[in-house]
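Please look through the structure shown here, starting with the surfaces that face the DNA and ending with a pair of packed helices.

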Amino acid sequence: SPEEDDALRDYMQRHGNTGSWITLPNKAGEFARSLPLPCPAVPLIVLDGCLIVLVGLKRCGKSCRLRWLNYLRPDIRHGGFTDEEDTIIYSLYSQLGSKWSLIASQLERRTDNDVKNHWNTKLKKRL
DNA sequence: AATTTTTGCAACCGCATGACA
DNA sequence: TTGTCATGCGGTTGCAAAAAT
């Protein structure tokens, strides 16, 4: 949800991930709780006249890691692959095969997942 | 306008690797 | 050495949105 993204982004931008991904959901949850209300990272619900504050990230560390690295991380670009990038991807794929992490590392601010998706949905069928 | 089909892609799964005990 | 645990990686999929009918 947008609230979960806010909590994860807020925590990562202020602290970075110093410890393990496994323990991050609890830390990010506690961090969100410590912010002054109303804070967008802390979802609020009014039920039967009572204010309910949802705390913690109800996600496993693996999901948080993937969400941050492939999507929320600010220093990455999504979509809009240029012809130059396509050329590089074709070239590297012909040399390396589906080494998406390696191929992505040769492009500017691209994730392996995005390069893989771009290949599977666009480039592959042009061959 | 309503319904069906296709497409795009974020997220999931299982496995490999490496660190550490 | 063997076992455990966290992370990185690539194949695959669920499903919402877009396109087609």
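The residues of the surface near DNA strand C comprise three nonpolar, four polar and four charged ones, where Ala, Val, Leu, Ile, Met, Phe, Trp, Tyr, Cys and Pro count as nonpolar, Asp, Glu, Lys and Arg as charged, and the others, Gly among them, as polar. This is a predicted model, in which local features need pLDDT of at least 70 and side-chain atom pairs count only at pLDDT 80 or more, while totals for chains, interfaces and linings use all residues. Residues are numbered from 1 along each chain as its sequence is written, chains are lettered from A and ligands numbered from 1 in the order in which they are written, and side-chain values use heavy atoms, with hydrogens and water left out.

Around DNA strand C stand S20, W21, I22, K62, R65, S98, K99, W100, S101, K116 and N120, a residue being near a strand if one of its heavy atoms lies within 4 Å of it. Of the atoms of DNA strand C that come within 4 Å of the protein, 74% belong to sugar and phosphate. Three helices, α3 (61–72), α5 (100–105) and α6 (112–123), each supply at least two residues of this surface; helices are DSSP runs of H or I with at least four residues, numbered from the N terminus.

DNA strand B is surrounded by residues including K62, S63, R67, N113 and K125, and 48% of its atoms within 4 Å of the protein belong to sugar or phosphate, the rest to bases. An N or O atom in the side chain of K62 is 2.7 Å from a base oxygen of DNA strand B, whereas the side chain of R67 has an N or O atom 2.5 Å from a phosphate oxygen of DNA strand B. The surface near DNA strand B receives the most from α6, which gives five residues.

Helix α1 (residues 2–15) packs with α3 at an angle of about 80°, their axes 11 Å apart, the axes being lines fitted to C-alpha atoms over the stretch in contact, and angles running from 0 to 180 degrees between N-to-C directions. The two helices α1 and α3 are therefore roughly perpendicular to each other, a term for angles of 65 to 115 degrees. Their contact (heavy atoms within 4.5 Å) is made by D5, L8, R9, M12 and Q13 of α1 together with C64, R67, W68 and L72 of α3.

How values were computed. A polar contact is a pair of N or O atoms within 3.5 Å; within protein, one must be able to donate a hydrogen and the other to accept it, and residues adjacent in sequence count only if both atoms are side-chain atoms. Angles under 35 degrees count as roughly parallel, over 145 as roughly antiparallel, 65 to 115 as roughly perpendicular and the rest as oblique.
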